[in-house]
Amino acid sequence: MDEPPLTSFSVTHISYDASDPVAYLCAWLALAPQILCVVYTTLIWSSREMEVFLMFAGQMGCEGLNFLLKRMIKGERPPRIKAKGYGMPSSHAQFVAFFSVYLSLFLLFRHSPHPSDTHTPTTVNERLLIAAWSCIFAATVCASRVYLQYHTVNQVLVGCFVGALTAIVWFGVTTIARRYGWIQWALGSKEMMMFRVRDLVVEEDLAESGWERWKNVSKRRQLELINRTSAKTKRR
């Protein structure tokens, strides 16, 4: 009986010139979507923030759109690389373009943390710098797809355009949902409450708010330790 033919799991399969250090770096950059999905999952599980849910939902919607566009356009990849699937538009370019544009819009137009007695939140210039770095990261990933010859320049440019446009549209949709109270209504549902979903990152620096709570807990523990030590000393 003939055994069935085997195929490679192409999600992380990358071909590159092992003698070229730039190609080696580009091969690592090709893992950007997988790494970002791990980041999304980690943030969703650890923070339970609605904004992260919304961004990830838009990211997955953008991936679904790329799936449809590739099968509608049926653009071939450059001939040197024998990769599976169509090349127009580049899914990597579309993924990182959505990520960088949505993150930039959030930092510049939605995120407005309040200062505390011990902490000054990031300024507009600092948030602008973070947004710029995210765009540089996206541009580097896009360039790596052309360098490795997985995509043509046009395929990458179209991917960037679709990803950026999707991010802008989705940010507008979520803005409208917030303005009309739909997000707050969803947060009040039993399902959201069961999973402890919250919406603090828009107005709070989560690291700072967590630090403030920890300081209060630490003070209480120190006070309890002092009281226990005093009680033991009195008994002696």
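These legends go with close-up views of a predicted model. Local features need pLDDT of at least 70 and side-chain atom pairs count only at pLDDT 80 or more, while totals for chains, interfaces and linings use all residues. Residues are numbered from 1 along each chain as its sequence is written, and side-chain values use heavy atoms, with hydrogens and water left out.

**View A. Helices α4 and α5 side by side.** Here α4 (residues 91–110) and α5 (residues 124–147) have axes that come within 9 Å and cross at roughly 175° (lines fitted to C-alpha atoms over the stretch in contact; angles run from 0 to 180 degrees between N-to-C directions; helices are DSSP runs of H or I, at least four residues, numbered from the N terminus). The two are therefore roughly antiparallel (over 145 degrees).

**View B. Tyr-40 meets Phe-56 and Phe-99 in one aromatic cluster.** Tyr-40 and Phe-56 make a tilted pair, 5.0 Å centre to centre with 50° between the planes (Phe, Tyr and Trp rings, the six-membered one for Trp, pair with centres within 6.5 Å; planes under 30 degrees apart are stacked, over 60 edge-to-face, the rest tilted). Tyr-40 sits in α2 and Phe-56 in α3, 16 residues apart. Tyr-40 is buried at 3% relative accessibility, whereas Phe-56, at 22%, is partly exposed (buried is under 20% relative accessible area, exposed over 50%, partly exposed in between; 1.4 Å probe, protein chains only).

**View C. Two arginines over rings.** Arg-48 lies over the face of Trp-45, 4.4 Å from the ring centre, and Arg-71 does likewise over Phe-67 at 3.7 Å (NZ of Lys or CZ of Arg within 6 Å of the ring centre and within 35 degrees of the ring normal).

Terms used: Angles under 35 degrees count as roughly parallel, over 145 as roughly antiparallel, 65 to 115 as roughly perpendicular and the rest as oblique.
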